[in-house]
Amino acid sequence: MPRIQIALPTDWVFETTLPVRIGDINYGGHMGNDAVLRLAHEARLQCLKHYGYSELDIEGCGLIMADAAVVYKAEAFHGDALRFEVGFADFNKYGCDIVYLATRADTGQEVARIKTGIVFFDYGARKVARMPEAFARRFAPPTTAATEQGTAS
């Protein structure tokens, strides 16, 4: 089976630095695989908040995670500070991917690449919703945003 590849976006829209806490360490003495997704979740929440959004309110829609993938590049240890860069990719009419690059804040060494596929969701109706136009205009590449909005009718 081929290894997962996560392409990095050309533009990062947000970055934050997060500490590796003792609860993030597994029996191998390094950051556990579950901790990587927790830290990516925190980076996603901070990114959304930076733009005036939350996971339950992005231009009137919520979001849910449809899938996730992680490619590990190096170990991280308790006390390390990880820089998370956040960007968006692979837009469609119902969602997109959020891509994260985790590097050591002190050396720049790549620790992990993470991708979470998100789908917009109407929590009141309990169904998938179209991507809000304002979100697409803000984050999608110009050709993608124009294409998606042209098919939105």
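**Cysteines**

I started with Cys47, which counts as buried at 2% relative accessibility. Buried means under 20% relative accessible area, exposed means over 50%, and partly exposed is in between (1.4 Å probe, protein chains only). This is a predicted model, where local features need pLDDT of at least 70 and side-chain atom pairs count only at pLDDT 80 or more, while totals for chains, interfaces and linings use all residues. Residues are numbered from 1 along each chain as its sequence is written, and side-chain values use heavy atoms, with hydrogens and water left out.

Next I looked for disulfides, meaning pairs of cysteine sulfur atoms within 2.5 Å. The count came to zero. Cys47 is in no disulfide, and the nearest cysteine sulfur, that of Cys96, is 10 Å away.

**Helix H1**

Cys47 is also on my list of buried residues of H1, along with Ala35, Val36, Leu39, Ala40, Ala43, Arg44 and Leu48. Helices (H or I, at least four residues) and strands (E, at least two) are DSSP runs, numbered from the N terminus. I checked the length of H1, which has 18 residues (33-50). The expected span is 1.5 Å times one less than the number of residues. That gives 26 Å for H1, and its end C-alpha atoms are 26 Å apart, so the two agree.

What do the buried residues of H1 pack against? I found strands S1 (14-19), S2 (62-72), S3 (81-89), S4 (95-104) and S5 (110-122). After H1 comes Gly52, with a positive phi near 85°.

**Strand S1**

The side chains of S1 alternate. S1 and S3 run antiparallel and are joined by six bridges; two strands pair if DSSP finds at least two bridges between them. I noted one partner: Pro19 is bridged to Ala81 in S3.

**Rings**

How many aromatic pairs does the structure hold? I got eight. Rings of Phe, Tyr and Trp (its six-membered ring) pair if their centres lie within 6.5 Å; planes under 30 degrees apart count as stacked, over 60 as edge-to-face and the rest as tilted. One of the pairs is Phe88 with Phe91, which is tilted, at 6.5 Å centre to centre and 45° between the planes. Both Phe88 and Phe91 are buried. Another is Phe121 with Tyr123, edge-to-face at 4.9 Å and 75°. Phe121 is buried at 11% relative accessible area, while Tyr123 is partly exposed at 30%.

Ring pairs also link Tyr51, Tyr53, Phe88, Phe91, Phe120, Phe135 and Phe139 into a cluster.

I then looked at Arg130, whose charged end sits over the ring of Tyr94, 5.8 Å from its centre. The rule is NZ of Lys or CZ of Arg within 6 Å of the ring centre and within 35 degrees of the ring normal.

Glu59 has a positive phi of about 55°; it is in the loop between H1 and S2 and counts as partly exposed at 43% relative accessibility. Arg126 has a positive phi of about 60°. I found Arg126 in the loop between S5 and strand S6 (127-128), and it counts as exposed at 57% relative accessibility.

How values were computed: Contact = heavy atoms within 4.5 Å.
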